[in-house]
Amino acid sequence: MTRLFVPIDSTALSLDAEEVAEALALALKRQGAKAEIVRNGSRGLFWLEPLIEVETPAGRVGYGPVTPDDVPGLLAAGLLEGGEHKLRLGLVEEIPWLKRQQRLTFARCGIIDPLSLEDYEAHGGYRGLAKALTLEPAAIVDTVTASGLRGRGGAGFPTGIKWKTVLGAQADQKYIVCNADEGDSGTFADRMLLEGDPYGLIEGMTIAGLAVGATRGFVYIRSEYPHAFRTFKRAVANARDEGRLGTKILGSDFSFDIEVRLGAGAYICGEETSLLESLEGKRGVIRFKPPLPALQGLFGKPTVVNNLVTLSTVPFILAEGAEAYRDFGMGRSRGTLPVQLAGNVKRGGLVELAFGVTLDTLINDFGGGTASGRPLRAVQIGGPLGAYFPASLLDLPMDYEALAAKRGMLGHGGMVLFDDGVDLARQARFAMEFCAVESCGKCTPCRIGSTRGVEIMDRIIAGRDVEAQTALLRDLCEVMTDGSLCALGGLTPLPVLSALEHFPEDFKRPVAAAAE
Amino acid sequence: MGVMPWSAARAAELIEQHRPQAGACLPILHALQEEFGHVPAEAVPLVAQALNLSRAEVHGVVSFYHDFRKTAPGRHVLKLCRAEACQAMGADALAAQVKARFGVDFHDTSADGKLTLEPVFCLGNCACGPAAMLDERILGRVDLTKVEFHLARHLADERQS
Ligand SMILES: Cc1cc2nc3c(=O)[nH]c(=O)nc-3n(C[C@H](O)[C@H](O)[C@H](O)COP(=O)(O)O)c2cc1C
Ligand code: SF4
Ligand code: FES
């Protein structure tokens, strides 16, 4: 029976993938064709979604972007045999955009049926856990440390070291918490994995549990992702039914189970201590550190809090060995980074490559420049707290230290492109407004400072007393940087000051006629 | 969206269903909102009692999170993404058009009760902005025509069922 693939990823759905699947199912039935439709995740070539694929002896042939109206024509053109058609993209694996990538964490995403354990295992799934089950906990932790894996949630903290702290802690209960809050604008890697390869996360969390002696895991998914939430819940239920979660996993003595929780629309709950408060049923207010969550985390117990991409990368490292991962990357940034191209971009989507690839390669070679076709003016990297860089800095490599040296940050690997229509003073205002809306309220520089920041930006935008207000803005940013307890208040100055530094012309507003 | 009228008995049932979970407050509030379309003020003391918390504490949780509504929404909820990637694709202009077309502001419901408009910060659809979500239907590369089309369809579905 011929297998056809129609993505069920949110972005594909947002472009009518469901309607395409329905049209296809109906047409196949009418023809009495022997074909099965598999709902896969997305490979992340979003400008081609809905991208449908058909399995042929030569490999999977793709067509896209497909609309429901294209379906009859596609079938008439011999879709089931990979026939010629104006939407035909050839072998999907050979599309240069995909072929040039180095997919380790996303190796299965968009290829398999996300909910089929059989598919998952046929594509290398559970080899990492099988290996981990032959090792002592300390040896698992050492492997992760040796791989050089750093947390992908933003701070880039070495994962192995975090795990070692939790392994060394004595407690009757330990937890693995997966941070799937993915709050940054321009990021969707977590979501794609939840929807496209959920067992990869389940396996990664199970390995983490085995490594540190935790028997329970929580996945905190943001409520803006209802599709991802539903898919992942089903994956957990399947895994439990098939003995991959629960007691005596894969015939071992090890028990581990996962509970899935929904956030409630608060950006700050992506910060790990706030996330723990939220999981405990409270307001998501930041906790002072120390104690570290590794020692006193969820319900006061030792807890590993890791980002979803971090945990989903662990199975590869166990299965292929620490060196296989460490061999990718540059400097202290080892392995691969899933970069997310977003905003005003012609070919947006997910690009997984070794660290060190330049912004220029990503934006121009992969992204194809702006969607509007107008000149690129700015790119914001690392979410709402990340810096705005001008087109003149595109030779920067994607690397934690290199971006920090230019007063930016890598964050979760999101890149948001803006064309020359952007007003950086307005973007700076938005950064302050965002901080004001999302502040947890614990400290004054963040809670009050951001509101004052919005007022200052309003005056600058109105052209009132610009020089003095700009000086005041710098002062305020210094107070926020130095006086905030967490990175929300502490990093909001990054987008603001980068806009001021690289785009000063946008802050020199003409003096308003009716200013005084 | 199938929102039910307030029922203390039904609320108690939902609370009881989730109470055994560790840190049950958010799961309970989500369940209540799913049933009643919002978290009714009447529910707060029930939740407080079940979780052995003060009413002020529960109220504090409800008010902290952007998701929890204190009043019932219209028959359909449209969330427009206002985050940077969608801004780069004209999200602000789209928001202005939607507000004008339906006569609503953010956090507001149209006079005919058909549509509630809410801002949202990123739907993870950032490569195909502007993005929106109508009830649970995610929409990409949205313009006013697309919003009108999908709303009309949702309203038609509603009449049929
Ligand atoms: C304001 C703020 C928001 C954050 N949001 C997220 C998030 O959405 N997802 C995430 O994984 N980490 C987020 N983090 C980072 C987490 O606090 C934490 O460092 C991370 O989950 C640890 O996992 P990792 O070591 O695998 O990166 C955020 C941090 C701050 C300060
Ligand atoms: S910086 Fe802002 S978000 Fe962070 S703890 Fe302080 S008030 Fe809360
Ligand atoms: S920024 Fe709008 S969906 Fe992410």
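1. A strand, as the word is used here, is a DSSP run of type E with at least two residues, numbered from the N terminus. On that basis B:Cys81 belongs to strand E1 of chain B, which covers residues 76–81. The model is a predicted one, and this applies to every point below.

2. In an unreviewed UniProt entry, the feature "binding site" is assigned to B:Cys81, B:Cys86, B:Cys122 and B:Cys126. The label itself comes from the record and may be inferred rather than shown by experiment.

3. As for the rest of chain B, the chain contains seven helices and five strands. Read from the N terminus, their order is α-α-α-α-β-α-α-β-β-β-β-α. The C-alpha trace of chain B extends over about 50 × 35 × 25 Å along its principal axes.

4. Which residues of chain A come nearest to ligand 1? They are A:Gly153, A:Asn179, A:Asn306, A:Asn307 and A:Thr310, out of 19 residues around the ligand. By class, this shell has six charged, eight polar and five nonpolar residues. Strand E9 (303–307) and helix H20 (487–491) of chain A each contribute at least two residues to the shell. The largest share, three residues, is from E9(A).

5. Polar contacts to oxygen atoms of ligand 1 involve both backbone and side chain. An N or O atom in the side chain of A:Thr310 is 2.7 Å from an oxygen atom of the ligand. A polar backbone atom of A:Glu272 lies 2.9 Å from an oxygen atom of ligand 1. For A:Arg152, a backbone N or O atom is 3.4 Å from a ligand oxygen atom. Taken alone, ligand 1 exposes 610 Å², and the protein buries 90% of that area. The space that ligand 1 takes up is the second largest pocket.

6. Ligand 2 sits in the largest cavity. It is surrounded by 13 residues, and the closest are A:Cys440, A:Lys442, A:Cys443, A:Cys446 and A:Cys486. The shell around ligand 2 comprises eight nonpolar, four polar and one charged residues. For the reading of that count, Cys is placed in the nonpolar class.

7. Most peptide bonds are trans, and most residues other than glycine have a negative phi. Where are the cis bonds described here? One runs from A:Gly64 to A:Pro65, with omega near -10 degrees. A:Pro65 is in the loop that joins strand E4 (59–63) and helix H3 (71–76) of chain A. Another runs from A:Lys289 to A:Pro290, with omega near -5 degrees. A:Pro290 is in the loop between helix H12 (272–279) and E9 of chain A.

8. A:Leu250 is a further case. Its phi is positive, at about 50 degrees, although the residue is not a glycine. A:Leu250 lies in the loop between helix H11 (226–241) and strand E8 (257–262) of chain A.

Notes
Residues are numbered from 1 along each chain as its sequence is written. Chains are lettered from A and ligands numbered from 1 in the order in which they are written. This is a predicted model: local features need pLDDT of at least 70, side-chain atom pairs count only at pLDDT 80 or more; totals for chains, interfaces and linings use all residues. Side-chain values use heavy atoms; hydrogens and water are left out. A residue is near a molecule or strand if one of its heavy atoms lies within 4 Å of it. A polar contact is a pair of N or O atoms within 3.5 Å; within protein, one must be able to donate a hydrogen and the other to accept it, and residues adjacent in sequence count only if both atoms are side-chain atoms. Accessible areas come from the Shrake-Rupley method with a 1.4 Å probe; for residues, only the protein chains shown count as cover. On a 1 Å grid over the protein atoms alone, a cavity is a set of points where a 1.4 Å probe fits but cannot get out, and a pocket is an open set with protein on both sides within 12 Å along at least five of seven lines; lining residues have an atom within 4 Å of a point. A molecule sits in a cavity or pocket if more than half of its atoms lie within 2 Å of its grid points. Helices (H or I, at least four residues) and strands (E, at least two) are DSSP runs, numbered from the N terminus.
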